[in-house]
Amino acid sequence: MKKGKLLPEGYIPRLIDNTLSARLEQTGAVEVTGTMWCGKTWTSMAYGNSISRIGLNPARLAAEADPTTALLGESPHVIDEWQDVPEIWDEVRMRVDEAGGKPGQFILTGSSQPNKEKVHHSGAGRISRLHMRTMSLQESGQSSGKVSLAGLFHGEFEPQLVQQNLLPLADYICQGGWPSLIHNRITDSATLLDSYFDALFDINIPKKGLNGSDSRNVVQALARNLGNAPRWYTIAADARFDKPESKSAANKAAAHVGILKELYVVEEVNGWDAPIRSKSRLRTKPKYYFADPSLAARTLNVTPERLLEDGQLFGILFESLCIHELNIYASVLPGAKPDPVLYYKDADGLEADAVVELRDGRWAAFEIKLGENKFIEGANSLKRLKDKIALNPAAENPNPAFMAVIVGAGEYARFDKDTGIYVIPITALGA
C-alpha cells in the first residue's frame, strides 16, 4: 500500500513498514503495539489519511460518549492510543464486518493492553496485530545491514570488512533506539528516559491499579537480573518487598511484571523446545529484557564511560542490545513466529543465548560475545548444541540453517571454516 496523506515530514523508514503495508492490503484493520515513544504513531500516520488521537482529552471524551466518533475519517484511518476507550475495538471489528472485510480501513495504535472486560471480540480475521520496537541499529544507520538475517537462512552471505570497536556501542546502549533521539546527545537521552519513567510510574502504572513506587523497585530488580530467568521470590527480594520469601510477595512481583509486559516495557524471551530426547532436562522459564537496552542502562545509572570500565556489565547490556536487534530483524522474516527469538539452556549447563525458529521448523542458534577474542568459546557451545540435537533421530529439523557468534568488537563479518560458524559484528547485521 502506498504512503498516506499524513506521512510525517522527515519520516525515517522502519523495517516494519513493508509488513504493515502488506497487512493493510490483506485485512480490514491493523493494530500496531509497542512501548511508549517507539514510533508507532508516526509509522501508522505514514500509511494513514486521517487520524483520531484518543490520547488527547477532547477525542477521548467524545469516544467515551460515542465510540463511533473515533472511526470518523478517510481510510486508512488511524486511531491513536485506542486502548484508552476499549469499546473502540468492537466498533472497528463491526465496521470491518459491515464493509465485507474490505482491507485497509483502520490502523490502531496501542502502548498498553486494554481492559479485557471491555473488549468482547478477539478481532480474529478482521484486525491483524503487529508489535513494534524502538529503532534497530540498521534503521538508525549505525549498522550497515550487509549481513542479512533473511539471507543467512537462505545460505546467502558475503564477508564484510567492519572494523568495529566498543565505544560507539556503549553510546548506543545508553542512548537507545528512540526515534526522537536519533541525532541527539547522550544527555538528551537521559532526560527523555527520566520522562519515560516518570510517565510510567506516576501515570501508567497507577492506571493499572498498582503502586508506582513498587513498580520502580521491580524494574530495578529486573535490570539487576537482566538476561536471567529469575524466580518471583528473587524479584520480590531485590525489589525490597516485605517478607520476600512469602507467596504473597511472589504474587505481588508477578503482578507488577505482568503489568510491565502489558505496557510493553519488558518482554519475555522463552526457552526453546529443542528437538532433543530428554525434554524434562530443558530450562524453559522465561528471561526478561527491556523494550530498549537504554531502559536497563538508565535504571542502573550506567554511562558509556562506566561500561567501558566494567566489561561484565557491558557484556550483559550488549546481550540485551543483541536480543533487541534479533527480535526486530527476525520479526520481519517471511515465516516468522509472533515471538521469533528464544533461548536454550538445559540441566547439563549447555546454553545458547538466542535461537530464531521459523514456522517451517528451520532454526538458527546464536551466542553473543563482547569481543571476537571470545569467538571460540561461543562456537564450542554452539557445536555442542548441534551435536546434542543430532542425537535425536526423531527430530524433524536436527540441523540448524546456520549458527553464528554475534560480537561487539570485530574486524570482519566472516565464515569460520574450521567451526562452520559465522562471526558477525552487530553493526553488520540487518534484516
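**Backbone details and aromatic rings**

A: Pro 76 lies in the loop between α3 (57-65) and β3 (77-80); helices (H or I, at least four residues) and strands (E, at least two) are DSSP runs, numbered from the N terminus. The model is predicted, with local features requiring pLDDT of at least 70 and side-chain atom pairs pLDDT 80 or more, while totals for chains, interfaces and linings use all residues. Residues are numbered from 1 along each chain as its sequence is written, and side-chain values use heavy atoms, with hydrogens and water left out.

The peptide bond leading from Ser 75 to Pro 76 is cis, and its omega is near -5°. Gln 163, which is not a glycine, has a positive phi of about 50°. Gln 163 belongs to strand β7 (residues 160-164) and is exposed, with a relative accessible area of 51% (buried means under 20%, exposed over 50%, partly exposed in between, with a 1.4 Å probe and protein chains only). Tyr 264, also a residue other than glycine, has a positive phi near 60°. Tyr 264 sits in the loop between α10 (247-262) and β8 (266-269) and is buried, at a relative accessible area of 13%.

The account now turns to the aromatic rings. The whole structure holds 13 aromatic pairs (rings of Phe, Tyr and Trp, its six-membered ring, with centres within 6.5 Å; planes under 30 degrees apart are stacked, over 60 edge-to-face, the rest tilted). Trp 37 and Tyr 196 form an edge-to-face pair, because their ring centres are 5.7 Å apart and their planes stand at 80°. This pair joins distant parts of the chain, 159 residues apart: Trp 37 is in the loop between β1 (29-33) and α2 (40-46), and Tyr 196 is in helix α7 (residues 186-207). Trp 37 is partly exposed, with a relative accessible area of 39%, whereas Tyr 196 is buried at 0%.

Phe 402 and Tyr 422 also make an edge-to-face pair, with 6.2 Å from centre to centre and 80° between the planes. Phe 402 lies in strand β13 (residues 402-416) and Tyr 422 in strand β14 (residues 421-425), so that the pair links parts of the chain 20 residues apart. Phe 402 is buried at 5% relative accessibility, and Tyr 422 is buried at 12%. Phe 402 and Tyr 422 belong to one aromatic cluster that also contains Phe 153, Phe 157, Phe 366 and Phe 415.
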